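Visitor: Hi! I'm new to this one, could you walk me through it?
Guide: Happy to. Let's have a look together.

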Amino acid sequence: MKIKEATLEDIDLLIRIRLDFIVMIGFELSDEQEQTLRAQLDKYYRKHIPLGDFIAFYAEDERQVVAAAFMVIGERPAGILFPSGIAATLLNVITYPEYRKKGYATSVIQSLIRKAKKLNVEMVDLQATQMGKKVYQDLGFESVKDTAMRLKL
């Protein structure tokens, strides 16, 4: 197994991984929705990979992607948990079904954590699924008291 950090050369792969993730969590995409997402994702990755505020790692086994995880880094007003104001969000953690329970997701997340430390990120947030909760806990993530809420505009 090889762990790789995504580059601009991996944009098509990142788009496929993102769309696979969306479908895997239960959304069905129409052709029109998929085309819209593909266009936005291509534009997003081309902008944010060079800026360094989007990072992705993926695990490859014999040229087949088996797992991946993405991280978005942002600067916020400083807080007690992140006095530098630099925090990140871990997202799009995916392991393809036939490769689960083999440590691939753990490996790509560990790669993101190491990269985050090098970039002086002080806090990483995520929204855990029940399936992934133990993986995150084993890596040191803790549940927080906040209740996630969302307003769609």
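Guide: One definition to begin with: rings of Phe, Tyr and Trp count as a pair if their centres lie within 6.5 Å, and planes over 60 degrees apart make the pair edge-to-face. Please keep in mind that this is a predicted model.

Visitor: Okay, how many aromatic pairs are there in the whole structure?
Guide: A search of the whole structure turns up seven aromatic pairs. In one of them, tyrosine 44 and phenylalanine 54 have ring centres 5.7 Å apart and planes at 85°, so this pair is edge-to-face.

Visitor: Where in the chain do tyrosine 44 and phenylalanine 54 sit?
Guide: Tyrosine 44 belongs to helix α2 (residues 31-51) and phenylalanine 54 to strand β2 (residues 54-61). They are 10 residues apart, and their pair links distant parts of the chain.

Visitor: Is phenylalanine 54 buried or exposed?
Guide: Phenylalanine 54 is buried, with a relative accessible area of 5%. Phenylalanine 54 also forms an edge-to-face pair with phenylalanine 70, at 5.2 Å centre to centre and 75° between the planes.

Visitor: Which residues do the ring pairs link into a cluster?
Guide: Tyr44, Tyr45, Phe54 and Phe70.

Visitor: Back to α2. What span should its 21 residues have?
Guide: At 1.5 Å a residue they should span 30 Å, and the end C-alpha atoms of α2 are 30 Å apart, which agrees.

Visitor: Which residues of α2 are buried, and what do they pack against?
Guide: Leu41, Tyr45, His48 and Ile49 are buried in α2. The buried residues of α2 pack against α1 (11-24), β2 and β3.

Visitor: What follows α2?
Guide: Glycine 52, which has a positive phi near 85°.

Visitor: Which residues other than glycine have a positive phi?
Guide: Glutamate 62 is one of them, with a phi of about 55°. Glutamate 62 lies in the loop between β2 and β3 and counts as exposed at 76% relative accessibility. Asparagine 120 has a positive phi too, near 65°. Its place is the loop between α3 (104-118) and β5 (123-125), and asparagine 120 counts as exposed at 53% relative accessibility.

Visitor: One last thing: what lies over the face of phenylalanine 82?
Guide: Arginine 76 does, at 5.7 Å from the ring centre.

Conventions
Residues are numbered from 1 along each chain as its sequence is written. This is a predicted model: local features need pLDDT of at least 70, side-chain atom pairs count only at pLDDT 80 or more; totals for chains, interfaces and linings use all residues. Side-chain values use heavy atoms; hydrogens and water are left out. Rings of Phe, Tyr and Trp (its six-membered ring) pair if their centres lie within 6.5 Å; planes under 30 degrees apart count as stacked, over 60 as edge-to-face and the rest as tilted. Helices (H or I, at least four residues) and strands (E, at least two) are DSSP runs, numbered from the N terminus. Buried means under 20% relative accessible area, exposed over 50%, partly exposed in between (1.4 Å probe, protein chains only). A charge sits over a ring if NZ of Lys or CZ of Arg is within 6 Å of the ring centre and within 35 degrees of the ring normal. The expected span of a helix is 1.5 Å times one less than its number of residues. Contact means heavy atoms within 4.5 Å.
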